[in-house]
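I opened the notebook to log what I looked up in this model. The entries follow in the order I made them.

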Amino acid sequence: MIIIAIVGICLVLLVLAFLMPRLSRHPERGTQKALGLGTRTGGKAPGPLGRLLSKPFRSSQKAVGRSGSAGRRGRGKLPF
């Protein structure tokens, strides 16, 4: 269920970044901030368990960042 939510957020950010590049930065940062909270919370577990629990949040943070930047790059390549 969480995977579907992250994919949905990435798609929304991709479209938002393509249509309104400047206005997409605030939702992107907010999403990354929320995922960063999960990363920090999961990382507080002891030893390898902490790395294991924080990894999904780190990779989701990367995906959100890539999605937003891909939308802005695509918008920048338009001929008009």
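**Entry 1: S24.** I started with S24, which counts as buried because its relative accessibility is 1%. For the record, buried means under 20% relative accessible area, exposed over 50%, and partly exposed in between, with a 1.4 Å probe and protein chains only. S24 sits in the loop between α1 and α2. Its side chain makes a polar contact with the side chain of R72, at 2.9 Å. A polar contact here is a pair of N or O atoms within 3.5 Å; within protein, one must be able to donate a hydrogen and the other to accept it, and residues adjacent in sequence count only if both atoms are side-chain atoms.

**Entry 2: ground rules.** The model is predicted: local features need pLDDT of at least 70, side-chain atom pairs count only at pLDDT 80 or more, and totals for chains, interfaces and linings use all residues. Residues are numbered from 1 along each chain as its sequence is written, and side-chain values use heavy atoms, with hydrogens and water left out.

**Entry 3: overall layout.** I counted three helices and zero strands in the protein chain. The pattern along the sequence is α-α-α. Helices (H or I, at least four residues) and strands (E, at least two) are DSSP runs, numbered from the N terminus. The C-alpha atoms fill a box of roughly 55 × 20 × 15 Å along the principal axes. Of the 80 residues, 28% count as buried.

**Entry 4: R72 again.** Which residue forms a salt bridge with R72? I found E28, with the closest N and O atoms 2.8 Å apart. E28 lies in helix α2 and R72 in helix α3, so the pair ties together parts that are 44 residues apart in sequence. The rule asks for a side-chain nitrogen of Lys or Arg within 4 Å of a carboxyl oxygen of Asp or Glu. By this rule the count comes to one salt bridge. Both E28 and R72 are buried.

**Entry 5: positive patch.** I next looked for charge on the surface. R51, K55, R58, K62 and R66 gather in a patch of positive charge there. Patch members have over 30% relative accessible area and no salt bridge; like charges are joined within 9 Å, and nonpolar side chains (Val, Leu, Ile, Met, Phe, Trp, Tyr) within 5 Å. Lys and Arg count as positive and Asp and Glu as negative, while His and the chain ends are not counted. I checked R58 in helix α3 (residues 48-76). R58 counts as partly exposed because its relative accessibility is 35%.

**Entry 6: nonpolar patch.** I3, V7, L11, L14, V15, F18, L19, M20 and L23 make a nonpolar surface patch of about 840 Å². Areas come from the Shrake-Rupley method with a 1.4 Å probe. M20 is in the loop between α1 (2-19) and α2 (25-43). At 37% relative accessibility, M20 is partly exposed.

**Entry 7: distances, C-alpha to C-alpha.** S69 lies in helix α3 and is partly exposed at 26%. S69 and P21 are 48 residues apart in sequence and 9.0 Å apart in space. G47 lies in the loop between α2 and α3. G47 and G8 are 39 residues apart in sequence and 32 Å apart in space. Is F80 buried or exposed? F80 is exposed, at 81% relative accessibility. F80 belongs to the segment after α3. F80 and A45 are 35 residues apart in sequence and 50 Å apart in space.

Notes:
Charge placed at Lys NZ, Arg CZ, Asp CG, Glu CD.
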